[in-house]
Amino acid sequence: MACVELSPFDSDAFGHPFYRVQSFDPDGLRAEVAQLPAGAKIAVDAKVPASDIQNCHLLMSLGFRTVAMMIRLTHSLGGSLEAPARAGIVPRLDLPEAAIWRHARNFRYDRFSLDPLLDAQGVARLFFRWIANSLTQGRQRVVHIGSDFCTFALRPDGSAVIDLVSVLEHGKGIGKALVAATIDEARRLGASALHVTTECQNLPAWKLYLRSGFQPADFTCAMHLVRGCDFPSQGNPRS
């Protein structure tokens, strides 16, 4: 299908087909949503610019719900290199499985966790695998203080983008130090800008980015279509 693409990574985490909207051709999208398995457990994820009212209405007419508003922020990376921060910067960070699970359950304000129709254990499995990949597969640079981390990567256009940030111990300035060290490392690498996207519901995160010199760039509406997914929301996943 051209408009709706099956995501093997997400499907494996949730244990049922999980799709992502890739194109907003109205006729094609309507036809492909109609072709999705009837009566089966499925989920479809879509992200639309908040200003794109036409496509937001199109998705709502197909049964999608808004689950989060997302804000993208950009740091211009102007200024000079700062003094070395207390964070370490490594190509990979090997954490014990138990620590990765703690981080996986730490993402409470992402668009997946904010959707009550998605299985909480599936969300945790998704983040467990996402974190493990982000920390160890070499595409990212890992800025860390102990087991708390920020991962980011350079993009072909010369900018850099933050992938994941997770801090387990709050109120100790760890998040601020991680973001400062990430800004400094992106500057050192010659990136043209540093981007990050977070949910507007995650007030502490985007306030931290604003205090760190990021500026709002745009807003995105995250929408889900979920069928047959009346899951319990409790439990500690281990597989």
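This is a predicted model: local features need pLDDT of at least 70, side-chain atom pairs count only at pLDDT 80 or more; totals for chains, interfaces and linings use all residues.

Biologist: Okay, how many helices and strands does the chain have?
Modeller: The chain has 7 helices and 10 strands. Its radius of gyration is 19 Å, close to the 18 Å that the globule rule gives for 239 residues, so the chain is as compact as a globular protein of that length.

Biologist: And what share of the residues is buried?
Modeller: Of the 239 residues, 48% count as buried. As for the surface, the chain exposes about 11,600 Å², with 53% of that coming from carbon and sulfur atoms.

Biologist: Switching to the rings, how many aromatic pairs are there?
Modeller: The count is 7 aromatic pairs. One of them is Trp 101 with Phe 128, a stacked pair at 4.3 Å centre to centre with 25° between the planes.

Biologist: Which parts does that pair tie together?
Modeller: Trp 101 is in helix H4 and Phe 128 is in helix H5, so the pair joins parts 27 residues apart in sequence. Trp 101 counts as buried at 2% relative accessibility, and Phe 128 counts as buried at 17%.

Biologist: What about Phe 112 and Phe 127?
Modeller: Those two form an edge-to-face pair, 6.5 Å centre to centre and 75° between the planes. Phe 112 sits in the loop between H4 and H5 while Phe 127 is in helix H5, so this pair ties together parts 15 residues apart in sequence.

Biologist: Are they buried or exposed?
Modeller: Both Phe 112 and Phe 127 are buried. They also belong to a cluster linked by ring pairs, together with Phe 14, Phe 18, Phe 107 and Trp 130.

Notes:
Residues are numbered from 1 along each chain as its sequence is written. Side-chain values use heavy atoms; hydrogens and water are left out. Helices (H or I, at least four residues) and strands (E, at least two) are DSSP runs, numbered from the N terminus. The radius of gyration is taken over C-alpha atoms; the globule rule is 2.2 Å times the number of residues to the power 0.38. Buried means under 20% relative accessible area, exposed over 50%, partly exposed in between (1.4 Å probe, protein chains only). Accessible areas come from the Shrake-Rupley method with a 1.4 Å probe; for residues, only the protein chains shown count as cover. Rings of Phe, Tyr and Trp (its six-membered ring) pair if their centres lie within 6.5 Å; planes under 30 degrees apart count as stacked, over 60 as edge-to-face and the rest as tilted.
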